[in-house]
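Trainee: I am new to this structure and should be grateful for a guided introduction. May I put some questions to you?

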Amino acid sequence: MTRRNLELILLCVAAPLVVLLFAMIAINQGLALDMTTLGVPAGIFVAFVIAHIAVRKFAPGADPALLPISFALSGIGIAFVTRLAPDLAVNQVVWLFVGVAAMVLVLAFIRNLDKVVNYKYTLMIFGFLLLLSPLIPGLGQEIYGSRIWLHIGGFSFQPGEIAKIVIVLFLAGYLAQNREMLSVFTWRLGPFNLPDVRTLLPLLLMWGVSLLVVVFEKDLGSALVFFFLFLVMLYVATGKKFYLFIGLGLIAIGGVGAYLAFGHVQVRVNTWLDPFSDAQNTGYQLVQSIYSIADGGLFGTGLGRGLADQIPVVESDFIFAAIAEEIGLLGAAGVLLLFLCFAVRGFVTAARAKSDVSSFVAVGLTTMIVLQAFIIVGGVTRLIPLTGLTLPFISQGGSSLLASFIAVGFLLRCGDEGTGVGAEVVSATGTLHANSVLGRVSLGKRLTHTMLLCSALFALLVANLTLIMVVQADYYQNMPGNNHTLAKESRSERGTISTYDGIILAQSAINSDGTYSRSYPAGDLASHVVGYSSSRFGNSGIEAAYNDALKGQQNFASWTDVLNSLAGVGSAGNDVTLTLNSKIQQAAQDVLAGRKGAVVVMDPETGAVLAMASAPTYNAADVETLLEAAGSGQASGDSSLVNRAAHALYAPGSTFKIVTLATALEDDVASEETVYSAPGTMTVEGTTGTISNFNHNDYGNITLARAMELSSNTAFGQLGLQIGGERLVAGAEKFGFGKDIDFAIGLKTSLMPTPKELDDHKWNLAWAAAGEPMDFAGPNATVLEMAMVGSAIANDGGIMQPYLVDGIYNANGERSFTANPSKLMQAVSKETANRVKDVLTGVVNNGTGTAAAINGVQVAGKTGTAEKANSNDSWFVGMAPADNPRVVVSIIIEDGEEGIATEKAQNVLKTALEVQGLL
């Protein structure tokens, strides 16, 4: 089969791909498939068929794959420009036709490249003038921070695109003429042979020009292309790896210098390192690009269904992000494979070329296109710093498209001048010259090395794409600021969140434009637990913890749910039922009204959280206003968004004596009947520090049980010294202090000092046993942690894993998840727990907790007062019924008067017992 027939077949193979892309766009827009919608791909195909005929006439020996690859890439480009910027699509098609015509003109008028490069120094001057022409005042124009445009009248053009080709022609002529001189190293330095300084002048010249481009035109991408292009051509011409090392060293020096000296280079590098640190400003384009690419998955979202159009100038610099999002990893990798095939065919053309000039031109132009593709795709995917280049053949822009096709024209000419190895063998039998078989063997090795490097670079791109689109996709999609995820979610109905007794706390309502808005019909009821779901500020609380379930992407109740999810078929999300009881929750919030504090109510046998309240609270419907105010600094004193029950640490005061007593009884340090002296104030043994009872009350000699009832600090300080720091910390850890406990909406870790800190500072140990942190962090606890302490005593010493979600149901009411209570840890033995519970019963009957008593039900509990500089926090941890506790409550009232928490806890306990039918 002839080369031209193979070329025609490959064009026909590529045509359906291009037509399919346009058909998908038309279908997505609801248009009929006819010549109106498919006329553009048909016209493009006709243009390439005409170009094919021209190649048959003017370059019959040219490579058969370059033209079809160019057709496929440019067809993909036109399709995506039509999708992303339809107003610019017509101009892009016109530029494509102009580019194809320019390619044909190159073939028609340039028949011998050796003659062209006879004017190599003229080409050099012209190329550098074109490259630096945007610096001319009045003509040069800066767009998006780079001065790379010439603006004449209403016409704008990037002369650098044509300058690249002209400079390649100059370099090819220069290297062909001087490759022997550049290959001979005459300067000896010790054991090394080095090139003469004059030999390095071209390398230094290109380095200097590249730095000029970086400094004055702020075009980092073009500078990289020029310099690496020269390095590759120099290596292929001489085979000297020394030039590569020197060149890379110069790049490193120039890069570091540019970074230190110029702000625009620093911005590019810093944005590459962490685009999310300034996601709304300098990092906006790159962040949006990563969000789009991460959404692509293996097969893409479908043409027209992505959100890449939110990326500024997506049709130009960032068009590859749209490709990855809408045709997926497989499609994006396919595009990269086309560029790699272009590289292979370009280097094959160089290997076949009959002269050094043709070979070096082919190497230079192939490297120019492939390197530009690598740099821009690497930048868009955050593999390397972003440089602002266009993707050859694909990106919107007439200058780039025209230059790409002119380059193809020259490559076809180089291929037509090729003689192949067989012809060289024949010619070599008669004479040896620079282009003999021996020269071709050396050239082939260098081209093979260069081709392997290109393969490695594109393999790196595919690996990086796989990392973003498969491995890290969930991470990027679930980032709080991912507006792509939030926009998609606004068009899907999230499931409801409701209490155990059926009160809906959150639901989705459809808007007139087909999107959904989140509403919270119960107002501020359990708002800290439910959290919020905002298209601007992300999710929190249960809305965040069960986001995938609420979207219908997890907890499938049937195979239909699974298949719908895999196929991308939209369906309503799953409904989440909480363990909260609306009546108990309301009672908890009512007792906090007008106060700052928190309440947690638990079922000690299961770990189910029956209520979790924090004050001040907020209405979830107003959350965006609150977050705006917080972000602007207008609400610096507003802490209503903080869940004090789980996310705030407090000194537990005398409620910690539950832990101290349990540890003493468990380790047999003391018993309930052990007698202690409990003066109002006492000096801690071995120190000058003192410990005192509340209001300095002197209780005389009392038993440990009575000390608990009266909440004597001095007695418990002595007990703490007997226990010692090591056993006290170990005992607290058994109750959950110092442990990272899994909880749906997050739980701050409660703290204890180290044993050494306590043992070395006895005063701190004495106060820690009484629940007061002094010089060190701890004891400090969340309200939920103290509820778990109470639950351990209520549940025979075992602490159950706390949980908030009872069940999950799909839109048809089919249950996909049921909570399964599990034990988290065993704090103390059943015997010790019952002994402590008996003592706590005495606190309510005969001690400081009498305000918690409820007629008809025995209550056990412990009061607490956490002393602060100017006020005190009031605590209570209690349980009922005492003989078989079904409810545990933990409450703190910040800056509360003495005993107020106990009174409030009684109201919550009473409501909880009524709800459970125990009162």
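Trainee: How many helices and strands does the protein have?

Mentor: The model is predicted, and its elements are DSSP runs numbered from the N terminus. The secondary structure of the protein comes to 35 helices and 24 strands.

Trainee: Among contacts with a separation of 6 or more, what percentage is accounted for by residues 24 or more positions apart?

Mentor: A contact requires heavy atoms within 4.5 Å. For contacts in the protein with a separation of 6 or more, residues 24 or more positions apart account for 70%.

Trainee: How far apart are the end C-alpha atoms of helix α2, and where does α2 bend?

Mentor: Helix α2 covers residues 35-58, so its 24 residues, at 1.5 Å a residue, should span 34 Å. Its end C-alpha atoms are 32 Å apart, which agrees with that expectation.

Trainee: Are α13 and α14 roughly parallel or roughly antiparallel?

Mentor: The axes of α13 (residues 319-352) and α14 (residues 356-380) come within 9 Å and cross at roughly 160°. Because angles over 145 degrees count as roughly antiparallel, α13 is to α14 roughly antiparallel.

Trainee: What is the handedness of the crossing between α13 and α14?

Mentor: Among the residues that make the contact are Phe320, Phe339 and Gly346 of α13, together with Ser359, Thr366 and Val380 of α14. As α13 passes α14, the crossing is left-handed.

Trainee: Is serine 358 buried or exposed?

Mentor: Serine 358 is found in helix α14. Leaving aside its neighbours within four places in sequence, serine 358 is in contact with Leu113, Ala353, Cys414 and Glu417. Its relative accessible area is 0%, and therefore serine 358 is buried.

Trainee: Which residues does valine 116 touch, not counting those up to four places away in sequence?

Mentor: Valine 116 is found in helix α5 and, at 22% relative accessibility, counts as partly exposed. Valine 116 and leucine 169 are 53 residues apart in sequence, yet 8.1 Å apart in space, C-alpha to C-alpha. With residues up to four places away left out, valine 116 touches Ile110, Leu123 and Leu169.

Trainee: Which elements do the buried residues of α34 pack against?

Mentor: The 17 residues of α34 (residues 830-846) should span 24 Å, and its end C-alpha atoms are 24 Å apart, which agrees. Among its buried residues are Thr832, Lys837 and Val844. The buried residues of α34 pack against α27, α28, α33, β22 and β23.

How values were computed: Residues are numbered from 1 along each chain as its sequence is written. This is a predicted model: local features need pLDDT of at least 70, side-chain atom pairs count only at pLDDT 80 or more; totals for chains, interfaces and linings use all residues. Side-chain values use heavy atoms; hydrogens and water are left out. Helices (H or I, at least four residues) and strands (E, at least two) are DSSP runs, numbered from the N terminus. The expected span of a helix is 1.5 Å times one less than its number of residues. Axes are lines fitted to C-alpha atoms, for helices over the stretch in contact, and angles run from 0 to 180 degrees between N-to-C directions. Angles under 35 degrees count as roughly parallel, over 145 as roughly antiparallel, 65 to 115 as roughly perpendicular and the rest as oblique. A crossing is left-handed if the near helix is turned anticlockwise from the far one by less than a right angle, and right-handed if clockwise. Buried means under 20% relative accessible area, exposed over 50%, partly exposed in between (1.4 Å probe, protein chains only).
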